[in-house]
Amino acid sequence: MVNETAPIPLFDLKRQWRQVEADVRAALERVFATQQFILGPEVAALEKECQEYLGVEHAIGVSSGTDALLAALMALNVGPGDEVITTPFTFFATAGVVVRLGARPVFVDIRPDDFNIDPAAVAAALTPRTRAIIPIHLFGQAADMDALREAAGHVPIVEDCCQSIGCRYHGVSTGALGTVGCFSFFPTKNLGAFGDGGLLTTNDAELAQRLRDTRVHGMRPRYVHHFVGGNFRLDAMQAAILRAKLPYLDGWIARRREGAAHYGRLFTEVGLEGIVMPPPELAGRGHVYHQYVVRVPQRDALREFLAGRGIGSEVYYPIALHQQACFASLGYKSGDFPESERATDEVLALPIFPEVEAAERERVVAAMVEFYLGS
Ligand SMILES: *Cc1c(COP(=O)(O)O)cnc(C)c1O
């Protein structure tokens with residue numbers, strides 16, 4: 001039985017720990033016994049298991065999702081004078097890495113249905129200086145990759161898969177659709193490490209080698225450096241933990257999808273249809289519900305009301321990137337990307353982690369009924 005008044009967190013890893021504890025402890029014991037902590041056999045084994053899981057030829061463990069994006073752009077020789085097209089409605093890192101390399105993020109708006117990059121806007125933004133396009137499979141639903149690939153032509157596509165591990169676009173994993181895929185194992189992602197971690201994927205053998213070299217200061221063989229890379233290495237302990245958790249991932253995604261379907265049914269049943277707009281599931285886009293994001297009126301007041309009832313929620317993302325102070329020099333202004341800006345005002349993420357109980361979702365929706373319908 002679910003306690004009628006216990007807080008309902010947006011996310012709670014303690015519930016998952018009960019399920020994975022024995023496997024994770026056994027995995028860590030392996031690492032303790034070998035005393036090998038950086039890269040090595042655990043990372044190699046994780047890479048092989050991810051290759052199989054994702055159906056991709058090369059997987060390269062790295063230090064974070066941010067570093068995966070950074071290394072991908074470095075390996076593609078993105079630098080000063082280059083432009084990289086992405087959206088302003090994403091986590092900061094997607095555009096931050098572009099600026100760190102001296103290149104210019106060229107923002108294009110999102111589509112209102114999936115919050116993902118608008119391929120028509122990409123086509124209009126391409127210039128001879130465009131060196132890469134970064135679509136984000138935001139909240140766990142794949143971008144319109146067919147239209148995007150058509151718009152991109154020969155320009156490399158760097159997929160930001162940090163929220164989309166396990167998502168399959170018409171049967172093909174995100175990360176296997178573009179030139180290179182960038183994954184995050186931040187603890188709250190659908191597959192989370194016990195610290196930072198990330199993964200690069202590609203089907204291009206030459207690029208894979210370049211990414212592997214980029215991970216270790218551009219070095220191959222030892223102490224011979226052909227170009228300047230970084231320290232983007234993954235720890236053996238994180239790899240061992242991720243290997244222990246990977247077999248659970250599809251089950252967790254199934255629970256997230258069940259939770260999303262349940263929310264949708266509840267909104268209809270209680271008469272919130274037309275007030276609360278659930279996330280549309282587009283055909284073939286394989287939504288894995290990293291976040292369950294609704295559009296609602298009076299968003300901030302609702303969030304406060306839910307908090308008052310112990311219900312966690314979050315705004316991903318409250319400020320579009322073209323409106324961030326650190327990107328002021330790019331010269332964008334409010335109104336440039338109306339769909340992204342509208343999303344920042346309307347979106348609210350509700351508890352969707354795999355261990356959320358049906359009764360908890362009922363309480364979340366009941367609180368929303370109270371807020372909007374007053375009963
Ligand atoms: C989490 C995330 C990142 C960054 O990943 P880290 O592992 O935290 O560095 C990048 N892009 C998106 C869309 C993310 O959600």
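Histidine 170 sits in the loop between β6 (168-169) and β7 (172-173), where strands are DSSP runs (E) of at least two residues and helices are runs (H or I) of at least four, both numbered from the N terminus. Its phi is near 45°, a positive value in a residue other than glycine, and at 52% relative accessibility histidine 170 counts as exposed, a word that here means over 50% relative accessible area, with buried meaning under 20% and partly exposed lying in between (1.4 Å probe, protein chains only). This is a predicted model, in which local features need pLDDT of at least 70 and side-chain atom pairs count only at pLDDT 80 or more, while totals for chains, interfaces and linings use all residues. Residues are numbered from 1 along each chain as its sequence is written, and side-chain values use heavy atoms, with hydrogens and water left out.

Glutamine 298 also has a positive phi, of about 50°, although it is not a glycine; glutamine 298 is found in the loop between β10 (292-295) and α10 and is exposed, with a relative accessible area of 53%. The backbone also holds cis peptide bonds, one of which joins arginine 220 and proline 221 with omega at about -10°, proline 221 lying in the loop between α7 (205-215) and α8 (236-245). Another cis bond runs from tyrosine 316 to tyrosine 317, with omega near 10°, and tyrosine 317 belongs to the loop between α10 and α11.

Glutamate 370 forms a salt bridge with arginine 309, the closest N and O atoms being 2.7 Å apart, where a salt bridge is a side-chain nitrogen of Lys or Arg within 4 Å of a carboxyl oxygen of Asp or Glu. Because glutamate 370 lies in helix α12 (residues 358-373) and arginine 309 in the loop between α10 (299-308) and α11 (338-346), the pair ties together parts that are 61 residues apart in sequence. Glutamate 370 is partly exposed at 33%, and arginine 309 is partly exposed at 35%.

Within helix α6 (residues 145-152), arginine 149 and aspartate 146 are three residues apart and so are separated by about one helical turn; their side chains meet in a salt bridge (3.1 Å, N to O). A further salt bridge joins lysine 333 and aspartate 336 (2.9 Å, N to O), with lysine 333 exposed at 55% and aspartate 336 partly exposed at 26%. Elsewhere, salt bridges that share partners join Arg30, Glu42, Glu49 and Arg243 into one network, and a search of the whole structure finds 24 salt bridges.

Turning to helix packing, two packed helices are described by the angle between their axes and the distance between the axes. Helix α3 (residues 65-75) and helix α4 (residues 93-100) pack at an angle of about 40°, with their axes 9 Å apart, the axes being lines fitted to C-alpha atoms over the stretch in contact and the angles running from 0 to 180 degrees between N-to-C directions. The two helices α3 and α4 are therefore oblique to each other, since angles under 35 degrees count as roughly parallel, over 145 as roughly antiparallel, 65 to 115 as roughly perpendicular and the rest as oblique.
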